[in-house]
Structure formats: C-alpha cells, structure tokens
Amino acid sequence: MSVIKLIDLDLKGKRVFIRADLNVPVKDGKVTSDARITASMATINHCLKQGAKVMVTSHLGRPEEGVWSEENSLRPVAENIAARLGKPVRLIKDWVENGFEVAEGELVVLENCRINKGEKKNVDETAQKYAKLCDVFVMDAFGTAHRAEASTHGIAKYAPIACAGILLTEELDALTKALLNPARPMVAIVGGSKVSTKLTVLESLSEKVDQMVVGGGIANTFLKAAGKNTGKSLCENDLVPTAKTLMDKMARRNASIPIAVDVVVGKKFEASEPAILKDADSVADDEMIFDIGPKSAQELADIIMKAGTVVWNGPVGVFEFDQFGAGTKTIAMAIADTKAFTLAGGGDTIAAIQKYGIYDKISYISTAGGAFLEFLEGKKLPAVDILEQRAR
C-alpha cells in the first residue's frame, strides 16, 4: 500500500481535516460504546500535539440529507472526546458554508457529514467545498473506505495533501500482512447465516487459504453438500452445488473445508431451548443445527494451533445462547492461544471476542464490517484507492 502517512507530515499551523469513523451507539444523549472513538484518538492526539488546527467529522446513524436532528447529532461524541482531552470541544453546525476559525492545537468536531447535501452521492461541488477548509486531509475511517462519498473519497481528490491516518495505516498493514503475504498455513474462519451474503468472500479465500472453516448457517449448506441431513436448519439449497464446487476446488490443491462430525441441535430458536449433542449423520428432520459439537470444535482448534495466519470473520454457532456457544468459545480460545498472526473483524466476531474476554490476545481486530469483507474479497476500496493515486 503506497499511501502518504500522516505521521510523516509536518502539521504545525496546518488546517487538518480528519474523516474518522465515530459512528457509535448513542442512548439518551450519551455514547454507550465508545470503542470507535478510542480507536480514532491516536490520530486526533497526534495532530493536536503537532500544533495543527484540527477538525474531525464522521457520519452517525442514517440522517435525511439536509435535515439536522438531535438524534443524529455528533454532540454526544464531541462531549466524549472533550472528557478525554480534559477541555471543551466545539461542535460546529452548518460548517460547509459558514466559515469558522480553529486555533493551533485546538480540535473542533464538524457536525454529522451525512446531513450535508451531496455527501452520499460524492458530488464534486460538495467535495471541493470540504477541500477548501483544509491544508491536509486525513482519511482515518476504514469502516467507510468501501464507500465513495464526499468526505471519504471526493475531498481526497481535491485537498492539497491527502493521507492515511494512524488507524487506517494500522488497518491496511494488518490486512496486507494477513492476506497478501501470509505466514502459512493460512486458515480462514467464515461464519454467518447465509452463504449468499459471503459467497464472494468464500470464493476469493478458497484460492488463497490452506483451510477454510465455515460456521453458522453457512456450514449447513456445506454439510448438505457433503451428503448430510440438515433437518429444519437454516440452509440454502440452491447454493449446495456452489458449496460442492468450492470443496472440490480446494481439494484439488490439497486445501480443505473441514466438515463437522458432530453438531448441537434444538427444535426451536429460543434462549431456553435444550441443547442436544448428535453425530452429524443423525440430525432428525424436525431439528435445527445451532452449533458444532466438541469433536468438531477440537479438530478446528488443532488446525488453528498449527496455523501461521488466522483470519476470523463470524461465529460458528448461535453463541448468544450459552448452550449453543461452546463451539465459538473453543475456537475463540484457540485463536487467543495460537502463535499465529490473528486478524478478526465484523460485528458478531467482536461481540464474541468481548463475550469470551480475549480482546488483548488477538494480533489485530478490525473495527470495520463491510470494508473488512470487501478487502477479504480482494476488492479495491475507493477511499484507499484515491489515497494511492494522490501518493503517486
């Protein structure tokens, strides 16, 4: 990745415009989970220490273009950052047209950029107005790097300098290490409810990895492709031939998609549903598979322990219900204990990491969902692509 890095620039007295991902949950005017703000502070603090005139913006929620509302305001975010910095932080509304001043070493938060007309559609005129506000544009929102919007892509085209922030740089370094130049054997764990939503990821990874572990509803489609009965489980029958093709394709290059030998089933998707352990061959027509069994989980843990690189996106069972969480827990613990370079991303994955308390045992945790998956697919991310063009 050849992009200009923020840390290589002299920022003293410069107007620095940071596009961060501060899209955090807010309840009753207070931020309820501030992991994304924490992740963004390295870039903000670096710019402040250098004596820059710092402005930061982000999207929050899904506001209607041109309509400000309290519920989509970044005020709670500005207050959270102010508490961290121990000084007031101004929130600037209508910042595109109404000039404002920022002092050296000061940070201002620019109100939710998605309210601005032309933001979502990446309108040139909007992007040019953004660019006039700064000497340096810093893209630090990896979570939105797969979308070409005025604040992620357009501004980077027109700002005097466009660079990657500290969080974005770390994210790209970790992804590049895991995917473009991985230590072998490389193992990918892809969970989720449907093959269709992760099909392009599975197809792309099937050409790169030594073993591809499928979990959740996705695994049922592969179980069926292996000739097993999946009962009333979530299963995409029309994609069974695709699953077969992927299994054959990997087998031809001595790679594999491990298929569960034992499973945990129930009859209803409920928190109180009793868990029944069965061989994968003996699932009844009225049962649903909600987790992998201990033998299968141990087999996967052994694979993870021998890996050089592990990429994890998605749980392998309905871990929200404890009785169907043992498979995901076993895998999480193996990922925490392996000597491999481990990379995890996606909302459900982070929820599992938090549930099993292994946050600090993973080499790199991506804050992004969609962008993480598109990178796994080998797609060009527009906001990264434009930074590479500007670096040239």
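Contact means heavy atoms within 4.5 Å. Helices (H or I, at least four residues) and strands (E, at least two) are DSSP runs, numbered from the N terminus.

## Basis of the model

This is a predicted model, in which local features need pLDDT of at least 70 and side-chain atom pairs count only at pLDDT 80 or more, while totals for chains, interfaces and linings use all residues. Residues are numbered from 1 along each chain as its sequence is written, and side-chain values use heavy atoms, with hydrogens and water left out.

## Overall dimensions

The chain has 13 helices and 16 strands. Its C-alpha trace spans about 70 × 45 × 35 Å along the principal axes. The radius of gyration, taken over C-alpha atoms, is compared with a globule rule of 2.2 Å times the number of residues to the power 0.38. For 392 residues a compact globule would have a value near 21 Å, and the 23 Å of the chain agrees with this.

Of the contacts between residues at least 6 apart in sequence, 73% join residues at least 24 apart. Buried residues (under 20% relative accessible area; exposed is over 50%, partly exposed in between; 1.4 Å probe, protein chains only) make up 56% of the 392 in the chain.

## Nonpolar cores

A nonpolar core is a set of buried Ala, Val, Leu, Ile, Met, Phe, Trp, Tyr and Cys residues joined through side-chain atoms within 4.5 Å. The largest one has 72 residues, and Trp95 and Phe222 have the most contacts inside it. Helix 5 (residues 166–179) gives the most to this core, with 7 residues. Apart from it lies another core, of 35 residues, which includes Val187, Ile189, Ala307 and Ile358.

Beyond its neighbours within four places in sequence, Trp95 is in contact with Phe17, Thr57, Phe100, Leu110, Glu111, Cys113, Asn116, Tyr130 and Leu133.

## Helix 7

Helix 7 (residues 217–225) is largely enclosed by the rest of the structure, because 8 of its 9 residues are buried. These are Gly217, Ile218, Ala219, Asn220, Thr221, Phe222, Leu223 and Ala225. Their cover includes strand 9 (186–190), helix 6 (195–205), strand 10 (211–214), helix 8 (240–252), strand 11 (262–266) and strand 13 (288–292). Gly227 follows the helix and has a positive phi, near 90°.

Thr221 is found in helix 7 and counts as buried at 0% relative accessibility. Leaving aside neighbours within four places in sequence, Thr221 is in contact with Val195, Cys235, Glu236, Leu239, Val240 and Ala243.

## Helix 4

Helix 4 (residues 150–158) is mostly covered, with 7 of its 9 residues buried: Ala150, Ser151, Thr152, His153, Gly154, Ile155 and Ala156. They pack against strand 1 (15–19), helix 3 (124–132), strand 7 (136–139), strand 8 (161–164) and helix 13 (382–391).

## The loop at Phe321

Phe321 lies in the loop between strand 14 (309–313) and helix 10 (326–337). At 17% relative accessibility, Phe321 counts as buried. From Phe321 to Ala307 the C-alpha distance is 29 Å, at a sequence separation of 14 residues.
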